[in-house]
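Work through each task before reading its solution.

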Amino acid sequence: GSPKKRKREEPEGKENEHAVVASSGGSQGVKVHETENDESKNDEKKKRQKKELGHSKIRKCAIIFSGFKNDLEGFSIPIKNELMEVVKVLGGELIIDDQKDAFDPKVTHVVSPPQVRTIKTLAAALTQKWIVHPDWIRKSKEAGYFVDETPYGFMNKESTLNQKKVFISQKFIDESNKANKGARYKQTEQLIKQYGKGSITKEVASADYILLTNSEKAPSTSA
């Protein structure tokens with residue numbers, strides 16, 4: 001089954017989830033009016049750039065990889081292994097995916113192919129972690145340190161499900177319980193409650209979001 005929102009529809013023409021969300025956000029530098037002379041301004045600018053560059057070089061990143069498959073062109077397991085070695089060289093902490101149904105809270109970045117949704121990318125989106133394209137690792141290798149993520153991914157500023165109510169259809173529950181010996185439904189609950197800080201409701205009328213199977217239509221909640 002796949003989740004379907006009742007309130008918002010995904011925009012059309014989405015090239016990939018990384019690029020589109022990234023284009024809507026990103027922090028911008030704030031210009032401060034100064035009355036000092038130009039030479040002084042240039043000195044301050046150089047100092048600021050040096051400080052920012054230094055911060056980028058020494059900052060710690062805890063990185064996990066998700067969604068790589070040998071049948072996915074350009075995102076195979078050997079490619080993932082090569083990128084993992086780069087993370088080690090750059091001094092990042094590599095989080096090994098030992099538990100398929102758990103998401104380590106110390107993760108800062110999930111490296112994933114575009115348009116691939118996994119439990120870990122969903123958990124990252126709900127816990128304000130970076131979800132980045134593998135090119136971020138490649139560019140970081142060229143620079144010798146972890147570069148700015150903004151052109152390569154996105155990070156939600158707040159949880160979409162925080163204090164929201166989610167209704168799950170019985171068909172979704174039944175199909176999820178059949179998959180992976182019930183592990184899928186447990187993961188769904190974990191995403192909503194633990195990572196999303198939301199709750200599950202049995203009243204469709206009070207729900208902010210509705211989870212349905214692909215074959216179901218959204219129930220009408222209007223009077």
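A residue counts as buried when its relative accessible area is under 20% and as exposed when that area is over 50%. The model used here is predicted.

**Exercise 1.** Decide whether tyrosine 195 and phenylalanine 103 are buried or exposed.

*Solution.* Step 1: the relative accessibility of tyrosine 195 is 7%. The cut-off for buried is under 20%, so tyrosine 195 counts as buried. Step 2: phenylalanine 103 has a relative accessible area of 6% and is therefore buried.

**Exercise 2.** Classify the ring pair of phenylalanine 68 with phenylalanine 75, then that of phenylalanine 103 with tyrosine 195.

*Solution.* Step 1: a pair of aromatic rings is described by the distance of the centres and the angle of the planes. Rings pair if their centres lie within 6.5 Å, and planes over 60 degrees apart count as edge-to-face. The structure has four aromatic pairs by this rule.

Step 1: for phenylalanine 68 and phenylalanine 75, the centres are 6.3 Å apart and the planes stand at 65°, so this pair is edge-to-face. Both of these phenylalanines are buried. Ring pairs join Phe68 and Phe75 with Phe65 in a cluster.

Step 2: for phenylalanine 103 and tyrosine 195, the centres are 5.8 Å apart with planes at 75°, so this pair is also edge-to-face. The pair links distant parts of the chain, 92 residues apart: phenylalanine 103 sits in the loop between β3 (93-94) and β4, and tyrosine 195 in helix α7.

**Exercise 3.** Find how α6 is oriented relative to α7, and which residues meet.

*Solution.* Step 1: the axes of α6 (residues 170-178) and α7 come within 5 Å and cross at roughly 125°.

Step 1: from α6, Phe172, Ile173, Ser176 and Asn177 meet Arg184, Tyr185 and Thr188 of α7. By type, the contact holds three nonpolar, three polar and one charged residue.

How values were computed. Residues numbered from 1 in each chain as written. Predicted model: local features only at pLDDT ≥ 70, side-chain atom pairs only at ≥ 80, totals over all residues. Heavy atoms only, no water. Phe/Tyr/Trp six-rings, centres within 6.5 Å; stacked < 30°, edge-to-face > 60°. Buried < 20%, exposed > 50% of the residue type's maximum accessible area, 1.4 Å probe, protein only. Helix = DSSP H or I, 4+ residues; strand = E, 2+ residues; numbered from the N terminus. Axes fitted to C-alpha atoms, helices over the stretch in contact; angles between N-to-C directions. Parallel < 35°, antiparallel > 145°, perpendicular 65-115°, else oblique. Contact = heavy atoms within 4.5 Å. Nonpolar A, V, L, I, M, F, W, Y, C, P; charged D, E, K, R; others polar.
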